[in-house]
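Please look over the sequence and the structure displayed below before reading on.

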Protein chains: 2
Amino acid sequence: MNVDQIYRVVKLSPERPMKNLELILQNIAKHISLTEEEKRLFTGMLEARHLKKKDVILKQGEVCKYSTFIVDGALKGFTVGKDGSEHVINFALKDWWIADMYSLISQQPGMLTIEAIADSEVLLLSKQDQLLLYEKVPKFERFFRILVENSLVASQQRLINNLSLTAEERYRFFMKKYPFILECAPLHSIASYLGITPEFLSKIRRRMAGKLK
Amino acid sequence: MNVDQIYRVVKLSPERPMKNLELILQNIAKHISLTEEEKRLFTGMLEARHLKKKDVILKQGEVCKYSTFIVDGALKGFTVGKDGSEHVINFALKDWWIADMYSLISQQPGMLTIEAIADSEVLLLSKQDQLLLYEKVPKFERFFRILVENSLVASQQRLINNLSLTAEERYRFFMKKYPFILECAPLHSIASYLGITPEFLSKIRRRMAGKLK
DNA sequence: ATGCTTTCTTAACCTAGTTCAAGGCTTTTG
DNA sequence: CAAAAGCCTTGAACTAGGTTAAGAAAGCAT
């Protein structure tokens, strides 16, 4: 694993209007409804970026200043152990949000590095603006509470799985729950997410192929 | 493990005023400040219960209808696998909140059982009243968002530990972070929380004693 | 008191998952 | 387009942690 590459600086896209503000507005509409004026206020706060595969939007040790919404593409969040090994904490695809929640909430340096695993198009909302939104449009307090709630649910589910399932069972669960990730993330990242080595994941896959799925 | 015992019915305490509403008000004051009237509204919603060791306040498969605040004592939340094995998801001590967040949020049947591991005194706030609070005192939306955020941070931290540390390292981390739990929870529950068997925890403890801590 | 259950430990053996080393295939980069 | 780097797999040797079984000590209920 090449540190220079992981820590490569983000390339900003040339400024230009986002074709796809619709997607993020729909995402929000799932939980709260906004007036046209509130929509304008909100979208005016967003910053658009184009990411190339392997671009990093947050490095371990930095304070997370943005919530990131994925308009298109795929990212992963991971920590790097002392031995240099990578541990994938979460993936995020089109129409998902990602951030180092710990760092974003506490504004302390975080452990997560967030990196694109495919060319991606994202929208950033700064913590500052998020707090401003809470004041000007209190409904957003509800929206972000729901986001955090969903993260928590996913995190707890995963903990339960890690404590109670074997590696193969976890892999099957993963395939069922996130088939789209399976298609776009490299297997070694999935192995890391499952808490096993790529070699062992290979073994599992062979075993399962033998069983004719 | 005896299922009848785990599912023993909760014993309600005789109704009487809580000596210790102060503790919960202080707990809330850490994040939002309330007027006297708001305090009265809030405390009027609380339901006090005395739990004896092994009393269960929520069983697997039920919908979680309450957030529980611990005035004194200690509880644990756990799931039971198909094989009957118990997986401790979290502990909660004096001045902490506990609930099956998934179930409380979604109002779907949950996987968690919540049980007292010592005689305890708790205060219950129903989901209904919680929603009512959101309407009447919107500050509470913030308070519960912060609670959920803290849960999420703890859950993520634990996930990272489970993926990147050995059992011994996790145990050391636990000892440092939750020394009080070590004092009041049985070792087999701690083993379960760490994701190992009690036998293996024993082995670790002996090994560590050998190393003179 | 006296059984009965729960808690913790020890020890011998067992297995799911790791490590190391190597090879083939594909993608990136100069 | 060649070289290098990354990705996936295989197999053999190894280890962290699990299983089974048993016993000692402590708490509880009759």
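Student: On what basis are the values given?

Tutor: This is a predicted model, in which local features need pLDDT of at least 70 and side-chain atom pairs count only at pLDDT 80 or more, while totals for chains, interfaces and linings use all residues. Residues are numbered from 1 along each chain as its sequence is written, chains are lettered from A and ligands numbered from 1 in the order in which they are written, and side-chain values use heavy atoms, with hydrogens and water left out.

Student: Are H6(A) and H7(A) roughly parallel or roughly antiparallel?

Tutor: Helix H6 (residues 139-164) and helix H7 (residues 167-177) of chain A have axes 9 Å apart and pack at an angle of about 150 degrees. Angles over 145 degrees count as roughly antiparallel. H6(A) and H7(A) are therefore roughly antiparallel.

Student: How do the residues of the contact of H6(A) with H7(A) divide?

Tutor: Contact means heavy atoms within 4.5 Å. Here A:Gln157, A:Asn161, A:Asn162 and A:Ser164 of H6(A) meet A:Glu169, A:Arg170, A:Phe173 and A:Lys177 of H7(A). Ala, Val, Leu, Ile, Met, Phe, Trp, Tyr, Cys and Pro count as nonpolar, Asp, Glu, Lys and Arg as charged, and the others, Gly among them, as polar. The division is one nonpolar, four polar and three charged.

Student: Which helix gives the largest share of the lining of the largest cavity?

Tutor: A cavity is a set of points on a 1 Å grid over the protein atoms alone where a 1.4 Å probe fits but cannot get out, and lining residues have an atom within 4 Å of a point. The largest cavity has a volume of about 140 Å³, and its lining includes B:Ala154, B:Phe173 and B:Leu194. Helices H6 (139-164), H7 (167-177) and H9 (187-194) of chain B each give two or more residues to this lining. The largest share, five residues, comes from H6(B).

Student: How many residues line the second largest pocket?

Tutor: A pocket is an open set of points with protein on both sides within 12 Å along at least five of seven lines. The second largest pocket holds about 1000 Å³ of space. Its lining residues, among them B:Trp97 and B:Met101, which are included in those closest to the centre, number 39.

Student: Is B:Gln130 buried or exposed?

Tutor: B:Gln130 lies in helix H5 (residues 127-136) of chain B. Beyond its neighbours within four places in sequence, B:Gln130 is in contact with B:Ser67, B:Leu104, B:Leu125 and B:Phe144. Buried means under 20% relative accessible area, and exposed over 50%. With a relative accessible area of 8%, B:Gln130 is buried.

Notes: Axes fitted to C-alpha atoms, helices over the stretch in contact; angles between N-to-C directions. Helix = DSSP H or I, 4+ residues; strand = E, 2+ residues; numbered from the N terminus. Parallel < 35°, antiparallel > 145°, perpendicular 65-115°, else oblique. Points joined across faces, edges and corners; volume = space filled by probe spheres on them. Buried < 20%, exposed > 50% of the residue type's maximum accessible area, 1.4 Å probe, protein only.
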